[in-house]
Amino acid sequence: PDGFVEETTYGVRFARQINDNIKLGTTYIKDEKENGFELRGYDMTVKYGKSTELKVEYAQSESATFANSVSYDGGLTFSSLPLDESLSGDAVKIDLKTDLGELFKKEENKLLLQAYFQDVSSGFSSQGGISQQGAQKYGFKLTANLTPKDTLALMYDYQRLKAQENIETTDVSGAKKISDYTLQYKRVEKKYTLTGEYRLSLIHI
């Protein structure tokens with residue numbers, strides 16, 4: 001009808017539990033908007049014991065020409081990112097979480113580990129994923145439950161823009177590598193929570 005623009009997005013996901021420890025899944029998304037894309041994804045989740053879980057995700061996408069923008073100051077300003085006429089690419093993500101005490105047959109729920117790895121090619125498209133294109137990330141969070149009320153966490157996150165992968169984003173931000181170190185202490189009482197945090201960011205340009 002006059003005065004309306006028809007835009008359609010649809011998708012489907014199928015998952016199957018192979019056994020008590022392994023789950024497989026696949027996802028398909030078709031976004032038929034002007035700046036739309038088509039995505040196919042596959043994932044596998046493996047569980048070990050009560051607290052160890054490994055999840056691996058892989059996706060491929062294709063998209064048409066579109067202009068986009070990215071902000072590096074929390075949305076105060078945006079810079080345009082010119083992109084190629086036709087984009088295609090893939091992405092992989094690995095997540096691991098485990099209780100190191102259970103894993104090494106020590107006291108449980110005392111030392112918890114979360115770790116991740118993510119690699120996205122420059123042509124990969126997904127909803128809200130423009131600033132991730134051409135980027136590789138990895139990091140971890142190590143949490144020590146000192147007492148039932150006190151926790152201490154050490155976090156590390158690293159991101160680099162791969163050479164020649166996302167030249168536009170590199171030019172706009174000026175940052176090729178970013179390393180974040182965070183140390184956090186938390187105490188939880190019945191009526192309040194006290195949190196203290198120290199963070200150090202190293203930006204390589």
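Is glutamate 53 buried, partly exposed or exposed, and what is its relative accessibility? I looked this up and found 23%, so glutamate 53 counts as partly exposed, where buried means under 20% relative accessible area, exposed over 50%, and partly exposed in between (1.4 Å probe, protein chains only).

I noted that this is a predicted model, in which local features need pLDDT of at least 70 and side-chain atom pairs count only at pLDDT 80 or more, while totals for chains, interfaces and linings use all residues. Residues are numbered from 1 along each chain as its sequence is written, and side-chain values use heavy atoms, with hydrogens and water left out.

Next I turned to the salt bridges (a side-chain nitrogen of Lys or Arg within 4 Å of a carboxyl oxygen of Asp or Glu), of which the structure holds nine. Glutamate 53 pairs with lysine 47, their closest N and O atoms being 3.9 Å apart, and lysine 47 is partly exposed at 42%.

I then checked arginine 40, which forms a salt bridge with glutamate 38 at 3.3 Å between the closest N and O atoms. Arginine 40 is partly exposed at 36% relative accessibility, whereas glutamate 38, at 17%, counts as buried.

My last entry concerns arginine 187 and aspartate 150, whose salt bridge has its closest N and O atoms 2.7 Å apart. Arginine 187 has a relative accessible area of 25% and is partly exposed, while aspartate 150 is buried at 8%.
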